[in-house]
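Hello,

Here is the structure we talked about handing over. Please look through it first, then read the notes below.

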Amino acid sequence: MGIIPLLLGITVISFIIIHLAPGKPTSLQQALNPKVSQEVRLRLEKLYGLDKPLRIQYINWLHKLVKFDFGRSFGDDRPVVDKILERIPVTLTVNILSLLFIIIVAIPLGVKSAVKPNHAFDKFVTIFVFIGFAVPTFWLALLLMNLFGIKLGWLPISGIKSLDFEYFSLGQKIMDYLRHLILPIFVSSLGGLAGISRYMRSSMIEALGQPYIYTARAKGLTENTIIYKHALRNAILPIVTILGLSIPGLLGGSVIFESIFALPGIGRLFYEAVMMRDYPLIMAEVVLGAVLTMLGNLIADISYAYVDPRIRYRKQA
Amino acid sequence: MNKPLLSGVLIIGIFTLIAILAPLISPYDPSVIDQNNLLMPPSSKHLLGTDSLGRDILSRMIYGARISLSIGLIAVGIATIIGLILGSLAGFYGGWIDTLIMRFVDIMLCFPTFFLILAVVAILEPSIFNIMVIIGLTSWMGITRLVRAEILSLKEREFIQAERAIGASSFRIITGHLIPNAMGPVLVSATLGIAGAILLESALSFLGLGVQPPTPSWGNILIESKSTLGVAWWITVFPGLAILTAILGFNFIAEGLRKILG
């Protein structure tokens, strides 16, 4: 399949990017200690294999990548893999809950809009969608933090635990997590909400215009059955594809709102790495992001073929 | 009565005027620090209030319009030029050129845009020029695909075959006929792209990796809103509203253009 060239291409581009730097990756470490002599600098370069020609460096780097050795972070000299792995749970939780929220809200919105197109509800949702697309997420986060966090004091505005977390019972701990996650999840879902409810609307409208709907009505089925049992099933098929395709957007967005809400996830890790010019960490996350996106696309393709019975049966035949 | 197009052009027209006339209409110099008026709420002296260094927010937003709009325009300009060139080469010549270019597009599309931009900004220090170029270099993929699709469908039409018959050079066919006819969808995409670029620039500036203070940008005025949460609502509300309105304006224009193209 086309995955291998794609993976190779990703690594090549990433490698080119990191070597765009006018100085060498070691020059930052040198800059911090101006007493470092030429001799020490050469030794550092040899240590990182920077004295070899570029293509050899690339092959070495590739070797390490395949073994999941992303090097050690410039910040605290810990293996980059560890730093990333320990932050994945938070990002994963927020994004999965976000996707669930989007599905629960956007699909009914889209369906209801499609059933009575251009009536009041539909117009209202359309305006909401338009604004949802145009609102900068970090601005919305700030506004909500202002409103719910400070003025009303209902929700905490940073981190994932309160200060006295250790003293909570299990139930209270779960509630505490949830309270901290509500704002981030809402903010990160807004874009997806707008997009998917729009998509459901057009998908449903198309499904409701199909010939088999006439048959169903002629058979005398109730409107509810027609909408939910027949049209919806067909309209929903592409959703899986869309969810898979929204992964890069979620990753990019997580940088912003994890930074604003001080959540310890991989988005914020990336932001911190960029601020510190921690090159090994930056590189690892760029490659990781690209690979995850690629996987997301792959899953989207495969699941669409699997979920649509027409394609499934055609393959068997 | 193309309502979206009209409202969009009105909004963006006003912003553009503000940006062009900035030195004439700005009440204060945007970088002037006023120790006596730190964090003042909106008043008759400072219509939109002041920030933590006493700078007038209205003036900063007026000059910010210049910066944000021009970054958006130039970044998308770069992306469009790249997209037109690569897309027409891929669509017109086909074969291995097409495969090569589209493979490149696929690879580039795998990188989450924000990650890529942040990584490159980390490596080549943030500056207005760098941001324009970087946003441009990460936004050309969609336009390339669009142009290629348009050219593939236009290639076999009669007027193109007629051009070939009279011996017109490939260059002339591409630039004189194919591209002009493909511009419709490209324009829609570019308009939406400007909105996206403005959003990207403000997010970058907000994170401290975009336009560097004291040069004002709608995004970097918002940097202070985090530290003045609950205390100075005017620092948060106004720049955000500006960004929102600009993006809505461009979205309306794109919607209006779509209506025209049918």
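Is the crossing of α6(A) and α12(B) left-handed or right-handed? The crossing is right-handed. Keep in mind that this is a predicted model.

**Where the two helices cross**

Two packed helices are described by the angle between their axes and the distance between the axes. For α6(A) and α12(B), the angle is about 115 degrees and the axes are 9 Å apart. Helix α12 of chain B covers residues 233-261. On the chain A side, A:F130, A:F133 and A:A134 make the contact. On the chain B side, B:L244, B:I247, B:L248 and B:N251 make it.

**The contact between the chains**

Chain A puts 38 residues into the contact, and chain B puts in 35. Several elements of chain A give two or more residues to this side, among them α1 (3-18), α6 (120-134) and α14 (279-307). The most comes from α7(A), with eight residues. By type, the chain A side has 29 nonpolar, six polar and three charged residues.

**The core**

The largest nonpolar core holds 138 residues. Within this core, B:M61, B:I117 and B:L118 have the most contacts. Helix α9 of chain B (residues 170-206) supplies the largest share, 16 residues. Look at B:L118 in particular. Leaving out residues up to four places away in sequence, B:L118 touches A:V255, A:F270 and A:V274 from chain A, and B:L209 from chain B.

Start with B:G83. This glycine lies in helix α3 of chain B, residues 57-93. Is B:G83 buried or exposed? B:G83 has 27 other C-beta atoms within 10 Å, and 20 or more make a residue buried, so B:G83 is buried. Beyond residues up to four places away in sequence, B:G83 touches B:W140, B:I143, B:T144 and B:V147. B:S225 is 142 residues from B:G83 in sequence, and their C-alpha atoms are 37 Å apart.

Next, A:P184. This proline sits in helix α8 of chain A, residues 170-208. A:P184 is buried, because 27 other C-beta atoms lie within 10 Å. Which residues does A:P184 touch, not counting those up to four places away in sequence? They are A:V94, A:F257, A:F261 and A:L263. A:P79 is 105 residues away along the chain, and its C-alpha atom is separated from that of A:P184 by 29 Å.

Best wishes

Definitions and conventions:
Residues numbered from 1 in each chain as written. Chains lettered and ligands numbered in written order. Predicted model: local features only at pLDDT ≥ 70, side-chain atom pairs only at ≥ 80, totals over all residues. Core = buried A, V, L, I, M, F, W, Y, C linked by C-beta atoms within 7 Å. Buried ≥ 20, exposed ≤ 12 C-beta atoms within 10 Å, placed from the backbone. Helix = DSSP H or I, 4+ residues; strand = E, 2+ residues; numbered from the N terminus. Contact = placed C-beta atoms within 7 Å. Nonpolar A, V, L, I, M, F, W, Y, C, P; charged D, E, K, R; others polar. Axes fitted to C-alpha atoms, helices over the stretch in contact; angles between N-to-C directions. Left-handed = near helix turned anticlockwise from the far one by under 90°.
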